[in-house]
Amino acid sequence: MGFLVTTLIFVAIGVIASLCTRICCNRGPSTNLLHLTLIITATVCCWMMWAIVYLAQLKPLIVPVLSEGE
C-alpha cells in the first residue's frame, strides 16, 4: 500500500511541476521540450532512488554469514 501511494504522490508532483513549468516558462517549443524532459527525468530519478531504498528495507541483510575458510 505504501509503495503505491508514494508512487502516485511522485506522479502528482511530476504533473504539477510540468504544468507550472509550462505556464511560467513558456519560451518556445524546443525550450518547453527541454524543460519537460528535465522535469520528467528528475521525477523518475527521485522516484527510483526512493523505490530502491524502500525495497532494500523490506529484507535487509543484517548479519552476513561468512564461511569457515575466510
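1. Basis of the note. This is a predicted model, in which local features need pLDDT of at least 70 and side-chain atom pairs count only at pLDDT 80 or more, while totals for chains, interfaces and linings use all residues. Residues are numbered from 1 along each chain as its sequence is written, and side-chain values use heavy atoms, with hydrogens and water left out.

2. Record annotations. UniProt, in an unreviewed entry, lists residues 33-56 as "transmembrane region". An unreviewed entry there also places a "signal peptide" at residues 1-17. The UniProt positions follow the numbering used here, feature names are shortened, and annotations may be inferred rather than shown by experiment.

3. Secondary structure of the annotated spans. Helices (H or I, at least four residues) and strands (E, at least two) are DSSP runs, numbered from the N terminus. Residues 33-56 are 100% helix and 0% strand, with 34 Å between the end C-alpha atoms. For residues 1-17 the figures are 94% helix and 0% strand, and the end C-alpha atoms lie 24 Å apart.

4. Contacts between the helices. His35 belongs to helix 2 (residues 29-56), whereas Thr21 belongs to helix 1 (residues 2-24). His35 counts as buried because its relative accessible area is 18%; the classes are buried under 20%, exposed over 50% and partly exposed in between (1.4 Å probe, protein chains only). Thr21 is likewise buried, with a relative accessible area of 18%. Contact means heavy atoms within 4.5 Å. Leaving aside residues up to four places away in sequence, His35 touches Thr21 and Cys25.

5. Leu36, Ile40, Val44, Met48 and Ile52 make a nonpolar surface patch of about 430 Å². Patches are made of residues with over 30% relative accessible area and no salt bridge, like charges being joined within 9 Å and nonpolar side chains (Val, Leu, Ile, Met, Phe, Trp, Tyr) within 5 Å. A salt bridge is a side-chain nitrogen of Lys or Arg within 4 Å of a carboxyl oxygen of Asp or Glu. Accessible areas come from the Shrake-Rupley method with a 1.4 Å probe, and for residues only the protein chains shown count as cover. Met48 is partly exposed because its relative accessible area is 42%. Leu36, also in helix 2, is partly exposed at 37%. The C-alpha atoms of Leu36 and Val15 are separated by 9.9 Å, although these residues are 21 apart along the chain.

6. Cysteines. With a disulfide taken as a pair of cysteine sulfur atoms within 2.5 Å, the count comes to zero. Cys25 is in no disulfide, and the nearest cysteine sulfur, that of Cys24, is 5.9 Å away. Cys45 is in no disulfide either; the nearest cysteine sulfur belongs to Cys46, 7.1 Å away. Cys25 is partly exposed, with a relative accessible area of 26%, and Cys45 is partly exposed at 46%.

7. The segment after helix 2. Ser67 is found in the segment after helix 2 and is partly exposed, with a relative accessible area of 43%. Ser67 and Arg27 are 40 residues apart in sequence, and their C-alpha atoms are 62 Å apart in space.
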